[in-house]
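Me: I would like a close look at a single part of this structure. Please take me through that part and what lies around it, in short sentences.

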Amino acid sequence: MPNYPTLRFSLFTLFTLGAVVFLASCKNPAAPREPNKFTSQATFIRRLDSIRVENATITLSGGAMRNALSLPSGDLLFVGELQRTGSLFRSAFVIRTNALGGVRWAKTYTDSIETLNAITPIAGTSDFVASGSVFSGFNQTSGYALRIDSLGNMRWSRVFTDSSRSARFAGAVSQPNGNLWLYGQTRRTLSTGFSLFINDGFVVKIDANGQPLFQRRLRSLGSLSNTAGADIGFNSGVSFGESVILAGYYTPIYDFVKSGIRRLVARDLYLLTFNAAGDTTKSFLYDAQYPAGDVIDQSVSYNGKLNTADEAFTILPMPDGNFAVFGRTNSTLFILFVNSSLTSVLERLTLPNVASRSLSQVMLSRDGHFVFVGASTEKITFEGTRSPAPGGRDVYIAKMSVQGNLLWEITQGTSLDDEGLSIQQTADGGYIITGTSNDKPLLLKVDERGLLAD
């Protein structure tokens, strides 16, 4: 026969405990709220005023997070530089966190005005190469790269110079055999009397042990092979089979016009292909006056070009085998679609010109759309459902279809002046953003709509 008094007592006990838990949760501001659609996507925002590095907590007077990498485990790697309070120098800085921004480890690598602009996984290993620049004396820098393991321990570091010129690496391209291409620019003196400088393209190919396979300084090309002042630099790169395509700018210092009159011209958007041996095999130059672009060879003429500044910031491989190039003409930003053989422009997609916003980088999301990051002084909400970020300048995030339709945009940040410098998609579908907050390193993780969790 059932024991009804015992059952009543058990129900009463459960009810009482439930009420206690409910009341406690009402008084506890940290109690979990109703989950939303994207609860699997961890989010956080962190401005680094201090950080624990190798068993010691250091306070920061400055710094920036410049690039990040999302790992398959959900962990995140960040690179940039930091400045300790009381120090005149900045240090290369790498930090690894979990998906919620909890620090697993943080490392600095010497104190000599170092900057890390990118971090790249080494194929076939669990290690990474971080690249940037290091101070080399008398207002000069050298290209700098170091290999670290998954715990941040340095396996090697290398400094790359070019006849005492000032060099820096913007990033690196990894290839399946473990080799890496480091790319950027190196400064050259045109006239010591007038302190005139110009940039040459700087490319170094290394193996996984950091040993140089070859080093190239690109001074000029095509019909301007003997022109002393052809300004060249690379901002982005992608692997293309055994080849590598680099994107940046090329500036023929003279525009050859009728009657032999010469005038200065501005930068042109520039793509250059290297084969595995380090030979340049294809070049592509885009000037805003020529929508079809120009393929550079020995017979190219620059007659009649406008004095517009064109430059490529990011090159992205598209699913159809073609390329999308994020660039600018003067202050106008655009996406340039170029065919796979780098012979013609398929389309030029002009981005909205909004004075209150600036864009730093674009990426291609896994669902085939462009996602931008930058900064904005305008307060932008997501479908009117969130309060705008509180700072005077905030991180700006936007998603746009390849047809140019704005899917969403939002500002995020702290109560200070913030800027987003790079963006990557994470393993859970959200986005990791690096940047600065009043000259302090900023780490930001949002969900797939650009939102922070409630």
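Reply:

Buried means under 20% relative accessible area, exposed means over 50%, and partly exposed lies in between (1.4 Å probe, protein chains only). Seven of the seven residues of β5 are buried, so the strand is largely enclosed by the rest of the structure.

A note on the basis. This is a predicted model, in which local features need pLDDT of at least 70 and side-chain atom pairs count only at pLDDT 80 or more, while totals for chains, interfaces and linings use all residues. Residues are numbered from 1 along each chain as its sequence is written, and side-chain values use heavy atoms, with hydrogens and water left out.

Now the sheet. β5 belongs to an open sheet of five strands in the order β2-β3-β4-β5-β6, with antiparallel pairing. Its edge strands are β2 (50–53) and β6 (103–109), each of which pairs on one side only. Neighbouring strands of this sheet are turned by 45° against each other on average, direction ignored. For such angles, axes are lines fitted to C-alpha atoms (for helices over the stretch in contact), and the values run from 0 to 180 degrees between N-to-C directions. Helices (H or I, at least four residues) and strands (E, at least two) are DSSP runs, numbered from the N terminus. Two strands pair if DSSP finds at least two bridges between them. Strands of a sheet pair through backbone hydrogen bonds, either parallel or antiparallel.

Take the β4 side. Strand β4 (residues 76–84) and strand β5 (residues 91–97) are joined by seven bridges in the antiparallel sense. T97 in β5 stands opposite L76. A92 in β5 faces E81.

Then the β6 side. β5 and β6 run antiparallel and are joined by six bridges. I95 has A106 in β6 as its bridge partner. This pair also forms a hairpin, with five residues between the strands. G101 sits in the turn and has a positive phi of about 90°.

What about the surface? L88, F89, I113 and F135 make a nonpolar surface patch of about 400 Å². Patches are made of residues with over 30% relative accessible area and no salt bridge; like charges are joined within 9 Å, nonpolar side chains (Val, Leu, Ile, Met, Phe, Trp, Tyr) within 5 Å. A salt bridge is a side-chain nitrogen of Lys or Arg within 4 Å of a carboxyl oxygen of Asp or Glu. Accessible areas come from the Shrake-Rupley method with a 1.4 Å probe; for residues, only the protein chains shown count as cover. I113 lies in the loop between β6 and β7 (115–121). At 36% relative accessibility, I113 counts as partly exposed.

Finally, the whole chain. It comes to one helix and 32 strands. Of its 454 residues, 52% count as buried. The chain exposes about 20500 Å², and carbon and sulfur atoms supply 54% of that area. Among contacts with a separation of 6 or more, 50% join residues 24 or more positions apart. Contact means heavy atoms within 4.5 Å.
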